[in-house]
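This briefing covers one part of a structure, moving from a single strand to its sheet. The sequence and model are shown first.

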Amino acid sequence: MSTRVRATAIGAAIVALLLTAAACGGPGSGDAGAEGAEAAKSYDVSLTEFAISPGEIDVPPGEPLTFVVSNDGTAPHTFAVETGSDTVETPQIQPGESTTLEVPALETGHYKTLCTVPGHADAGMTGMVMAFEGAGEAPPNPTGVTGMSGMAGATGSQGAMTL
Ligand SMILES: [Cu+2]
């Protein structure tokens with residue numbers, strides 16, 4: 001009887017050790033990853049007749065940009081950024097549709113944005129991307145990466161340990 005109790009206790013101790021080892025390994029590697037990889041930021045752009053909103057988009061220099069472009073107007077539009085060396089633009093976006101535009105990292109400076117449909121830029125569909133240090137700090141975090149599955153696992157393990 002007593003040996004049986006002892007065996008159970010040893011088993012519980014081993015389980016506890018394994019859990020402790022797992023817990024120690026987790027947070028350490030997690031911290032390293034969070035510091036190294038910054039979450040990619042994206043910028044919402046709305047197209048209408050005949051305007052690009054926001055007219056000025058502030059971005060940090062030196063990192064690739066993603067623009068989420070929605071056509072909120074009633075005619076096809078495009079969104080283009082003149083990066084200096086060339087023009088990066090979306091295909092024509094139909095009314096009510098949206099697309100994304102990937103723009104390579106920009107140096108500090110200002111860059112013209114426009115709709116490339118003939119006549120639209122002249123009608124007012126122009127804007128500016130301003131790239132400068134400090135832009136886009138404290139960005140919103142819509143993804144909410146909180147590791148819910150990890151939490152659930154921990155709770156289950158604790159329940160087992162109390163037995
Ligand atoms: Cu347009």
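The model is predicted: local features need pLDDT of at least 70, side-chain atom pairs count only at pLDDT 80 or more, and totals for chains, interfaces and linings use all residues. Residues are numbered from 1 along each chain as its sequence is written.

**Terms**
- Strands (E, at least two residues) are DSSP runs, numbered from the N terminus.
- A residue is buried if 20 or more other C-beta atoms, placed from the backbone, lie within 10 Å of its own, exposed if 12 or fewer, and partly exposed in between.
- Two strands pair if DSSP finds at least two bridges between them.

- P54 lies in the loop between β2 (51-53) and β3 (56-59).
- P54 counts as partly exposed because it has 14 C-beta neighbours inside 10 Å.
- Y43 is 11 residues from P54 in sequence, and their C-alpha atoms are 9.7 Å apart.

**Strand pairing**
- β3 pairs with β9 (residues 126-131) in the parallel sense over four bridges, and I57 stands opposite V129 in β9.
- β9 also pairs with β8 (residues 109-114), in the antiparallel sense over six bridges; the bridge partner of T113 is G127 in β9.

**The sheet**
- Five strands form an open sheet in the order β3-β9-β8-β5-β6, with mixed pairing.
- β3 and β6 (87-89) are at the edges with a single partner strand each, so one side of each has no neighbour in the sheet.
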